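Colleague: I am new to this structure. Please show me how to read its features.

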Amino acid sequence: MSIIETKIEIGVKKPFRVVHISDTHLTYADMRDGERKVALAERRSQYFKEAEDTLALAAETAKRYDAPILHTGDLSDFVSVANLERVKQYVEKTDLFMAAGNHEFSLYVGEAKEDAAYRNQSLAKVQAVYRNDIRASSRTVEGVNFIALDNGYYQFDAEVLAFLKKEVEKGLPIVLMMHTPLYEPALYQKALGAKKKGSAYLIDVSEELMERDYDPRHFAQKADAVTHEIVEYIVSQPLIKAIVSGHLHFDFESKVADRISQVVTSCTTVRVIEFV
Ligand SMILES: [Fe+2]
């Protein structure tokens, strides 16, 4: 675990801080969910050993700065009674503002095609443990509109686009919170790394790059019409100043369209963002 300090210039009257974490992937399960889930928890827990320490450090840091915690998804690795109980407890003790990730609705990790129908099997009970709507909601902090949007399955839904457009009408500067970052060339290169073929796990990668770099199965991530539309809207909307995201499990900072600051925060990083 570590703390990273990031400064983002968006032109606020009074500088303020938020604490950003992502992808903590809690892996609790017990026999209330049955043996299969307990086995899944055992398997998955080895990858996310610092989840509790990261959550604790975020809570402590947020308290120190009197700042909210922004979480950009995959707080839980899968849906279980024990995971949801733990999330509820954390939500009750902190000032947490949440954007859903793909794992929020995973019943068994990687078992099925994850789409709206799959998500809706657990949406109500997952949503019930959070204070804000984890698929589309907003919160104003020091005159800045923080908007949490769900893009966990590499697409945005029409209702999410409609929500964003309505929020823009408030006329406040905007910071978007979304699980999956938007494509931009430097992040694409970093995410692809040394792989010759594979997915960069980003939103709205061009077809040309996908043809060149992807395995056919990764075409499932191809942006649909609404996703293209919302990305175009985001890059051309001057009120949108920054994006905070996760999903990639590494730390990165860059700009989308040379204008919008985009930060990616890893599973074990507590990022203190100062907006100036
Ligand atoms: Fe994740």
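**Helix packing and a metal site**

Modeller: The crossing of helix 6 and helix 9 is left-handed: the near helix is turned anticlockwise from the far one by less than a right angle. This is a predicted model, where local features need pLDDT of at least 70 and side-chain atom pairs pLDDT 80 or more, while totals for chains, interfaces and linings use all residues. Residues are numbered from 1 along each chain, and side-chain values use heavy atoms, without hydrogens and water.

Colleague: At what angle do helix 6 and helix 9 pack?

Modeller: Two packed helices are described by the angle between their axes and the distance between the axes. Here helix 6 (residues 158-168) and helix 9 (residues 225-236) pack at about 20°, with axes 9 Å apart. That makes helix 6 roughly parallel to helix 9 (angles under 35 degrees).

Colleague: Which protein donors does the iron ion have?

Modeller: Donors are N, O and S atoms within 2.8 Å of the metal (3.2 Å for Na, K and Ca); water is not among the atoms, so sites may look incomplete. For the iron ion, the protein donors are Asp23 (OD), His25 (NE2), Asp74 (OD) and His249 (NE2), at 2.0 to 2.4 Å. Their spacing in sequence is D-x1-H-x48-D-x174-H. Histidine 25 and histidine 249 are 224 residues apart and link distant parts of the chain.

Definitions and conventions: Axes fitted to C-alpha atoms, helices over the stretch in contact; angles between N-to-C directions. Helix = DSSP H or I, 4+ residues; strand = E, 2+ residues; numbered from the N terminus. Parallel < 35°, antiparallel > 145°, perpendicular 65-115°, else oblique.
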